Amino acid sequence: MVSCKKTLWQICIVLGIVQAAIVFLCGQALGFSATMPTEKVSWHIQARQVSYENKRKLYIAENQVVITGGKTRLEADYVEFSDITKDAFAKGNVLFISGKDTITCKSMNVNLSSETGTISQGTIFIQDGNYYISGDKLRKTGAFTYDAEKGSITTCQGETPDWKITGKEIQVTVDGYGHASNAIFWAKKMPALYAPYFIFPAKTTRQTGLLMPMAGFSDDMGFEYQQPLFLALSDNTDATLYPHYMSDRGVMLSGEYRYVLSPESKGMMMMSYLDDDTIGDAADENQDYNISATPDRTNHDRYWLRMKSDQELGYGFNAKLDIDYVSDMDYLRTFGTGFAGFDSTDGAFEQMFGRDLDEADEEIRKNSLLVTKNWDAYSMNLQALWYDNVEARQTDTDDTTLQTLPSVEFFAARQQIGQTGLYYKMDSELKSFYRQDTTNTEITGRRADIHPVFYYPMKLGKAFFLEPYAGVRGTLWDADDFTDRDGDNSSARNRGLYEMGMDLSTTLNRVFTLDTNFAEKIQHKIVPRLEYNYIPFVDQEDLPYFDDIDDISEKNIITWSLTHTFTSRHTITDENGEESREYKELFWFRLSQGYDIRYEEDGDDAEDDPWQDLTFKYELNPLEYLRSNGTIAFDPNNSHFTKIQIGGTISDTRGDSLNMSYRYSKEYSHTWKTKISTNLVPDTLGAYYFVENDLEDQKTVETGIGIFINRPCWGVNLKFTDESADKSFAFMVNLKGIGEFGTK
């Protein structure tokens with residue numbers, strides 16, 4: 001028997017129904033030329049036989065009747081149309097097409113002016129969403145409303161669909177809601193579920209209303225129910241409320257507000273609050289409610305405020321705001337899933353702004369305001385950075401986290417100086433550093449730094465490229481309460497240093513002609529490169545330290561590298577006969593190593609050996625179904641690898657794939673991940689298996705196996721996951737166009 005720590009089920013019902021405007025009409029027959037405008041639409045009739053009955057003021061068309069007007073087409077065996085009442089009646093093999101939507105029925109009778117009428121023994125097909133609404137008697141009660149007696153709705157084709165929902169009466173308002181009484185869910189010909197009353201959304205545009213609910217049960221939360229409410233505030237703003245009931249914890253209230261003024265001006269803000277019935281201390285009755293390795297949680301009030309915003313300020317200035325403020329260390333991992341959980345919030349921010357949140361277990365969370373201004377060759381950043389130390393705040397201990405309030409950075413991109421062959425670039429900044437609490441070494445203060453670098457590129461003969469460079473760096477500090485090792489407590493400090501170097505390279509090319517389906521030509525490019533970097537030793541022990549700029553290490557290193565690139569070329573001819581060339585990088589790799597001139601070989605003292613790690617980086621993409629990339633670093637002094645990161649995927653045209661990745665780091669990890677996916681029946685039945693092993697501790701971190709069925713109008717996904725002590729099982733059914741439900 002499978003032991004599962006957590007069992008959840010999600011019931012999601014979503015139905016989108018789009019407009020199927022039904023306009024019925026009459027017109028002009030074959031061999032009879034007449035135009036009859038109704039509602040500014042001219043209708044034309046083609047038929048084997050057309051007549052006009054003066055007494056009833058009706059046009060009567062028979063045999064292969066085709067009526068067209070605007071985007072509407074009506075086909076039938078027999079049609080009557082009154083140009084006085086604007087009533088249209090059609091019977092016999094009726095096919096009605098309006099825009100993307102289609103109606104087939106035995107007979108139909110509709111008034112063109114009021115857009116109301118009846119359809120006998122018919123089916124309405126709505127292309128957007130692939131919906132089929134059928135019934136013995138369908139009524140069009142308005143421009144966008146329908147109802148049906150003894151009707152059904154499905155997204156499956158065929159006389160006996162894989163699934164359908166039937167009701168004694170079904171009412172649908174396009175861009176509104178649908179209702180069904182005495183509703184029955186059918187799997188083929190077998191009734192599976194019954195509901196006395198069933199309501200579903202049928203929205204095609206943004207409207208205020210309830211969204212799909214979520215219900216479940218877990219050991220930590222008890223019984224759960226979440227019911228989002230969407231609020232369409234205006235054309236460019238909306239909000240969503242997420243009440244979340246948990247029987248063991250209480251009611252969490254979450255709200256989300258979004259606005260989009262332009263592609264450069266948009267924002268999203270979310271706030272969640274819970275008066276938690278549980279706490280997280282180490283008592284036996286509460287030990288399940290806090291996460292190991294974090295401080296005991298004694299607070300009942302739990303909250304999370306998060307926000308991202310992009311704003312165009314005018315005159316070329318743009319601002320980006322990021323806020324992430326949470327009550328305690330356990331919150332983000334405890335409430336990781338759900339509508340307002342960490343995972344969905346992180347994904348929404350990444351999708352809308354291209355910026356994600358700090359990891360859920362990160363105890364120091366970044367908050368920032370960045371204002372930028374760009375010119376053709378220059379740029380400026382104004383920024384305030386606040387790192388919220390959640391653990392220090394939660395435990396009420398000293399907080400020495402370094403804050404930057406504010407900073408000004410000015411950059412000059414690489415550019416030529418006048419008409420000379422000399423180029424330069426420059427980085428400069430002015431920063432103010434703040435700490436809530438300070439120590440003898442962790443202090444506050446201000447720093448100004450300017451760093452210009454000058455380049456003089458030149459050719460050596462016809463084959464080599466040489467670029468020497470030289471730069472200077474000047475730094476000023478104004479430190480608060482700083483005393484150096486000599487007892488000097490003056491606040492003003494300064495440092496000056498220089499750097500120099502060169503870059504020598506050449507490029508070798510050769511083109512191979514293949515004239516095959518794989519490639520017409522392949523270019524092999526080799527770039528040998530020799531780089532030299534020098535920074536002299538400067539004593540910096542008497543300087544305050546805020547970040548890496550305050551301690552610039554000396555450098556006297558020669559680095560060699562050899563880069564190989566293989567690029568293919570194809571000629572593509574489009575439908576007009578015009579040719580274009582397509583290039584693809586098949587294989588790229590670089591081998592590099594540095595030699596530190598400061599060190600000399602000293603017997604068996606490998607730490608002082610001048611040779612740095614031999615590093616190999618590559619990207620492999622020769623075929624559509626084969627790709628790989630990786631980095632390998634080898635320490636020649638101790639004859640062992642310091643870093644290995646290799647991953648790759650092999651797939652085929654059926655959709656089968658094998659993905660493997662190997663990660664090794666001398667200090668951190670040693671893991672192997674494998675995932676196998678296969679389409680047992682292409683596009684219909686598939687299975688997958690994944691496993692992650694910790695090779696250092698010789699244990700399995702996570703394994704999982706699943707199977708999925710994908711049909712045109714429904715799907716099933718079964719998954720079992722074993723992650724250390726936590727085992728879970730998921731069973732999800734997806735009724736395409738309606739939603740999904742199951743247990744997880």
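A surface patch is built from residues with over 30% relative accessible area and no salt bridge, where like charges are joined within 9 Å and nonpolar side chains (Val, Leu, Ile, Met, Phe, Trp, Tyr) within 5 Å. In the predicted model shown here, local features need pLDDT of at least 70 and side-chain atom pairs count only at pLDDT 80 or more, while totals for chains, interfaces and linings use all residues. Residues are numbered from 1 along each chain as its sequence is written, and side-chain values use heavy atoms, with hydrogens and water left out. The points below cover surface patches, strand pairing and salt bridges.

**Surface patches**

- Glu-350, Asp-356, Glu-359, Asp-361 and Glu-362 gather on the surface as a patch of negative charge; Asp and Glu count as negative and Lys and Arg as positive, with His and the chain ends not counted, and the place of a charge is taken as NZ of Lys, CZ of Arg, CG of Asp or CD of Glu.
- Glu-362, one of these residues, is found in the loop between helix H2 (342-353) and strand S24 (364-374); helices (H or I, at least four residues) and strands (E, at least two) are DSSP runs, numbered from the N terminus.
- Glu-362 has a relative accessible area of 35% and is therefore partly exposed, a class that lies between buried (under 20% relative accessible area) and exposed (over 50%), judged with a 1.4 Å probe and protein chains only.
- A nonpolar surface patch of about 560 Å² is made by Phe-217, Phe-223, Tyr-225, Tyr-245, Val-251 and Leu-253, and the accessible areas come from the Shrake-Rupley method with a 1.4 Å probe, for which only the protein chains shown count as cover for residues.
- Strand S17 (222-226) and strand S20 (250-262) each supply at least two residues of this nonpolar patch, whereas its member Tyr-245 lies in strand S19 (residues 237-246) and is partly exposed because its relative accessible area is 39%.

**Strand pairing**

- Two strands pair if DSSP finds at least two bridges between them, and strand S22 (residues 301-314) and strand S23 (residues 317-326) do so in the antiparallel sense over ten bridges, with Ser-309 standing opposite Leu-321 in S23.
- The hairpin of S22 and S23 has two residues between the strands, and in this hairpin Tyr-315 takes a positive phi near 55 degrees.
- S23 is also joined to S24 by six bridges, and these two strands run antiparallel; the bridge partner of Leu-321 in S24 is Leu-369.
- Strand S35 (residues 579-596) pairs with strand S36 (residues 614-623) in the antiparallel sense over six bridges, and Leu-591 stands opposite Phe-616 in S36.
- S36 pairs in the antiparallel sense with strand S37 (residues 626-635) over eight bridges, where Thr-615 has Ala-633 in S37 as its bridge partner, and S36 and S37 form a hairpin with two residues between them.
- In a regular strand the side chains alternate between the two faces of the sheet.

**Salt bridges**

- A salt bridge is counted when a side-chain nitrogen of Lys or Arg is within 4 Å of a carboxyl oxygen of Asp or Glu, and by this rule the count comes to 34 salt bridges.
- Asp-484 forms a salt bridge with Arg-493, with the closest N and O atoms 2.8 Å apart, and both Asp-484 and Arg-493 are buried.
- Arg-485 forms a salt bridge with Asp-539, with the closest N and O atoms 3.0 Å apart, and this pair links distant parts of the chain, 54 residues apart, since Arg-485 is in the loop between strand S30 (464-480) and strand S31 (492-506) and Asp-539 is in the loop between strand S33 (521-535) and strand S34 (555-573).
- Arg-485 is exposed because its relative accessible area is 57%, while Asp-539, with a relative accessible area of 41%, is partly exposed.
- The side chains of Arg-598 and Glu-554 meet in a salt bridge at 3.5 Å, N to O, and this pair too links distant parts of the chain, 44 residues apart, with Arg-598 in the loop between S35 and S36 and Glu-554 in the loop between S33 and S34.
- Arg-598 counts as partly exposed because its relative accessibility is 34%, and Glu-554 counts as partly exposed at 32%.
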